[in-house]
Structure formats: structure tokens, C-alpha cells
Amino acid sequence: MVVVVYLVIHVVINVDIFRKKATVSLPAIGAYRVFVTTLAVHFLTDILWGVFDANKWTIALYADTVAYFILMGSTILAWTRYIVKYLKEKSWIGKTILYVGNAFFLAEIVLLIVNIFVPILFEVDMQTGAYQPYKARNIML
């Protein structure tokens with residue numbers, strides 16, 4: 001339930017950013033809008049995860065967990081792009097930040113694909129609906 005509060009606060013704070021034509025002028029506002037949007041969707045997947053887990057909807061739980069990890073990677077990717085645009089950083093530092101963001105996102109995708117065959121991030125028991133996290137999940141978080 002705490003995540004619902006986070007989402008509400010996030011939307012209230014960034015309501016102007018979500019508008020197509022924001023009334024505030026911020027550097028790199030487009031990149032920031034992408035970042036706050038991915039973060040809001042990330043909160044939504046967390047809320048849905050609780051609903052799916054409580055009802056033991058195993059397929060939905062598995063799909064939502066995959067979406068959660070993809071959104072985690074997308075949020076990091078959007079954040080690194082925003083930081084580089086905001087700072088107007090075109091040197092090796094900016095390139096390194098972008099490389100790290102892209103590498104994290106790619107690592108999430110690769111680990112999710114591997115997780116289908118060999119559970120290293122998480123597992124959902126389709127009979128009981130039990131969610132089992134693994135060490136790689138904690139490292140990625």
C-alpha cells in the first residue's frame with residue numbers, strides 16, 4: 001500500500017511534467033518526462049504485483065515481475081540519459097554514464113531471458129503461486 005502513496009506523491013509533484021506542454025521550463029524536460037513516466041509505470045507494476053501475489057494469479061505474477069525488471073532497467077536507462085542531457089555532458093564522462101545505463105538495461109534483458117530457462121532472478125511456482133527471489137535479483141535491485 002505504501003507504493004500507492006509513492007505513486008500519488010510522484011504524480012502530484014510531477015503533474016506539470018506529465019502534461020504535453022509543461023508550464024515550467026526545465027533543462028532537458030523531454031528526457032526528464034521520459035524518466036518520471038517510466039518511474040510512474042514502475043510504481044504501477046509494483047502495485048499490480050501485490051494484487052497478483054495476494055490472489056495467487058501465477059501467470060500474471062510472473063509477467064508482472066518480468067515487466068518490473070524491464071521497467072527497472074528502463075528507469076535506469078532514462079535516468080542516465082536525463083543526467084547526461086541535463087548536464088550537457090558530451091565528454092568521456094557523459095559517454096561513460098550512457099554506457100553504464102545501456103549496459104544495465106541490456107543486462108536486465110539478458111538475465112530475464114536466462115531466467116526463463118534457469119531461474120537466477122526469481123521463480124514463481126505455478127502450482128502454489130509462491131514467489132521465490134534469488135541472489136541475482138538482490139544484486140540487480
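Modeller: Gladly, and please keep in mind that this is a predicted model. The C-alpha atoms fill a box of roughly 50 × 35 × 20 Å along the principal axes.

Colleague: What does the secondary structure of the protein come to?

Modeller: There are five helices and two strands. From the N terminus on, the order is α-α-α-α-β-β-α.

Colleague: Why is threonine 45 called buried?

Modeller: Buried means under 20% relative accessible area. Threonine 45 has 7%, so the label buried applies. This residue is found in helix H2, residues 29-55. Leaving aside neighbours within four places in sequence, threonine 45 is in contact with Asp64, Ala67, Tyr68 and Leu71.

Colleague: And how do you know whether isoleucine 116 is buried or exposed?

Modeller: The cut-off for exposed is over 50%. Isoleucine 116 comes to 56%, therefore it counts as exposed. Its place is in helix H4, residues 92-117.

Colleague: What makes the nonpolar patch that Ile116 belongs to?

Modeller: Leu106, Val110, Ile113, Val114, Ile116, Phe117 and Val118 form it on the surface, with about 690 Å² of accessible area together. A patch residue needs over 30% relative accessible area. The 56% of isoleucine 116 is over that value, so this part of the test is passed.

Colleague: Now the inside. Which residues make up the largest nonpolar core?

Modeller: Eleven residues in all, among them Phe52, Leu61, Phe69, Met72, Phe104 and Leu112. Leu121, Phe122, Val124, Tyr131 and Met140 belong to this core too. Helix H3 (58-87), H4 and strand S1 (122-124) are the elements that give two or more residues to this core. H3 brings the largest share, three residues.

Colleague: What does phenylalanine 69 touch?

Modeller: Not counting residues up to four places away in sequence, phenylalanine 69 touches Glu108, Leu112, Leu121, Phe122 and Arg137. Leu112, Leu121 and Phe122 are also listed in the largest core. There is a second, separate core as well, with seven residues, including Ile17, Tyr32, Phe35 and Tyr82.

Colleague: How many of the residues count as buried overall?

Modeller: Of the 141 residues, 30% do.

Colleague: And what share of the contacts joins residues at least 24 apart?

Modeller: That share is 54%, among contacts between residues at least 6 apart in sequence.

Key:
Residues are numbered from 1 along each chain as its sequence is written. This is a predicted model: local features need pLDDT of at least 70, side-chain atom pairs count only at pLDDT 80 or more; totals for chains, interfaces and linings use all residues. Side-chain values use heavy atoms; hydrogens and water are left out. Patches are made of residues with over 30% relative accessible area and no salt bridge: like charges are joined within 9 Å, nonpolar side chains (Val, Leu, Ile, Met, Phe, Trp, Tyr) within 5 Å. Accessible areas come from the Shrake-Rupley method with a 1.4 Å probe; for residues, only the protein chains shown count as cover. A salt bridge is a side-chain nitrogen of Lys or Arg within 4 Å of a carboxyl oxygen of Asp or Glu. Helices (H or I, at least four residues) and strands (E, at least two) are DSSP runs, numbered from the N terminus. Buried means under 20% relative accessible area, exposed over 50%, partly exposed in between (1.4 Å probe, protein chains only). A nonpolar core is a set of buried Ala, Val, Leu, Ile, Met, Phe, Trp, Tyr and Cys residues joined through side-chain atoms within 4.5 Å. Contact means heavy atoms within 4.5 Å.
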